[in-house]
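I opened a new page for this model.

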Amino acid sequence: MKFLYFSFVLPHLLKDDNAAVGGAAVQWKSWIKGFRGNGHEFGVLTWKGAEKYIDKNLDFDIVECYKLEKEKKKWQLLYYQIPKLYVAIKKYNPDYLIQASATYQTVILMVIAKLLRIPFIHRVAHDTHVDGRISTMVEKKGIFAYKIGLRYSDYIFAQNSYQFNELRKKYPKKNIFILHNPFEVTTKEAELLPQSSRHYVAWIGNFRHMKNLPALVKIATQMPKIKFKIAGMELNIDKETKVAIEKLKEMKNVEFVGYLTRTEIKPFLLQSIALLNTSLYEGFSNTFLEAWSCGTPVVSTTNVNPDQLISKFNLGQIAKNHNQLSQALKIITDYDEYKYQKLVLRCYRYVLKHHSPKILASKFSLLLKNKDESI
């Protein structure tokens with residue numbers, strides 16, 4: 001099979017620069033590894049000049065379309081961007097066109113795919129994109145465009161059961177599948193650090209309302225003897241988050257380490273006692289997979305426990321609500337060396353077994369093949 005995935009962010013991840021990249025980019029880097037491992041052709045549809053910018057030997061294609069303009073010109077979407085996308089997709093001629101995240105590009109790429117008679121696949125990136133909460137994250141025009149694109153997608157791949165069930169209610173006759181996120185584990189079991197070499201609780205995320213930094217203020221206050229290290233940067237910062245950041249900066253047991261590149265995240269998590277998640281909601285957090293691949297357990301709430309994996313496989317601790325997160329975290333920090341090491345190994349081996357890019361990509365392509373053959 002030949003796949004083409006649209007992303008203007010992935011080149012930054014491939015370059016590993018300091019640009020903020022979302023979970024979708026991290027996820028699709030692993031998907032590409034899996035598809036290529038199964039012998040499929042793969043291209044990334046992105047901005048003109050990206051291949052030179054990345055400047056690496058890749059085993060997949062970089063398909064360039066249009067230049068990134070610093071200033072948006074009136075009507076450039078219609079007379080410049082869309083035609084360039086059409087030409088690039090037509091020239092590459094993939095068997096499937098893939099897009100993720102809730103944006104206006106969903107409908108644009110869906111229409112181009114229809115015109116070129118190429119099946120269009122949408123990969124859901126977040127729980128809020130399938131229910132009413134999307135209005136808190138995407139402007140009205142974008143929501144309308146996204147929903148049209150979603151409605152006329154040939155296939156939709158959900159990250160978890162919640163997304164699948166919500167989509168099934170809306171589109172009962174559509175081809176909708178569930179596949180958890182893949183993750184390429186680069187850590188060796190021998191590299192996993194013991195409890196004595198882990199010195200702080202990690203928090204990773206962009207600073208915005210959804211990540212719920214006020215909850216982190218409360219937890220750090222309740223646990224003054226525990227060191228907290230915060231990795232991330234400001235993104236569409238709101239007043240409540242700004243106030244929380246100022247409070248955290250004043251606390252002696254809290255340290256801001258700034259935005260970390262992908263190569264910096266691994267050692268950061270390897271030395272962490274646990275990854276603390278305070279988010280109000282997520283989809284399937286790639287940060288969880290990164291943590292588990294380092295043997296680092298995750299402490300989260302029932303709101304962010306995709307398909308109950310943390311509790312089902314005992315990969316950390318789950319609190320009923322944000323007020324009980326400090327109690328859940330204390331359970332982990334109070335473990336003795338032996339019990340903690342068993343948890344480390346369990347987290348690490350879980351990712352190896354259940355999130356292999358090659359196995360999940362094989363399932364992805366098999367679902368498409370079986371569905372297409374039945375039509």
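The entries below follow that order.

**Ground rules.** I am working on a predicted model, where local features need pLDDT of at least 70, side-chain atom pairs count only at pLDDT 80 or more, and totals for chains, interfaces and linings use all residues. Residues are numbered from 1 along each chain as its sequence is written, and side-chain values use heavy atoms, with hydrogens and water left out.

Entry: I looked up the second largest pocket and found a volume of about 640 Å³. A pocket here is an open set of points on a 1 Å grid over the protein atoms alone, where a 1.4 Å probe fits, with protein on both sides within 12 Å along at least five of seven lines; lining residues have an atom within 4 Å of a point. The volume is the space filled by probe spheres set on the points, which are joined across faces, edges and corners.

I noted 23 lining residues, with Lys29, Ser30, Glu184, Thr186 and Arg262 nearest the centre. Two or more residues each come from helices H1 (10–15), H2 (23–37), H10 (262–270) and H11 (286–293). H2 gives the largest share, five residues. Helices (H or I, at least four residues) and strands (E, at least two) are DSSP runs numbered from the N terminus. By type, the lining holds nine nonpolar, five polar and nine charged residues. Asp, Glu, Lys and Arg count as charged; Ala, Val, Leu, Ile, Met, Phe, Trp, Tyr, Cys and Pro as nonpolar; the others, Gly among them, as polar.

**Entry: sheet.** I traced an open sheet of six strands in the order S10-S9-S8-S11-S12-S13, with parallel pairing. Strands S10 (254–258) and S13 (316–319) are at the edges with a single partner strand each, so one side of each lacks a neighbour in the sheet. Two strands pair if DSSP finds at least two bridges between them.

S8 (200–204) and S9 (228–231) share four bridges, and Ile204 has Ala231 as its bridge partner in S9. S8 is joined to S11 by three bridges, with Tyr200 opposite Ser272. S11 and S12 (298–301) pair over two bridges, and Leu275 partners Val298.

Is S11 (272–276) buried or exposed? Five of its five residues are buried, so S11 is largely enclosed by the rest of the structure. Buried means under 20% relative accessible area (1.4 Å probe, protein chains only).

**Entry: cysteines.** Cys294 is buried at 2% relative accessible area, and Cys347 is buried at 0%.

Technical notes. Buried < 20%, exposed > 50% of the residue type's maximum accessible area, 1.4 Å probe, protein only.
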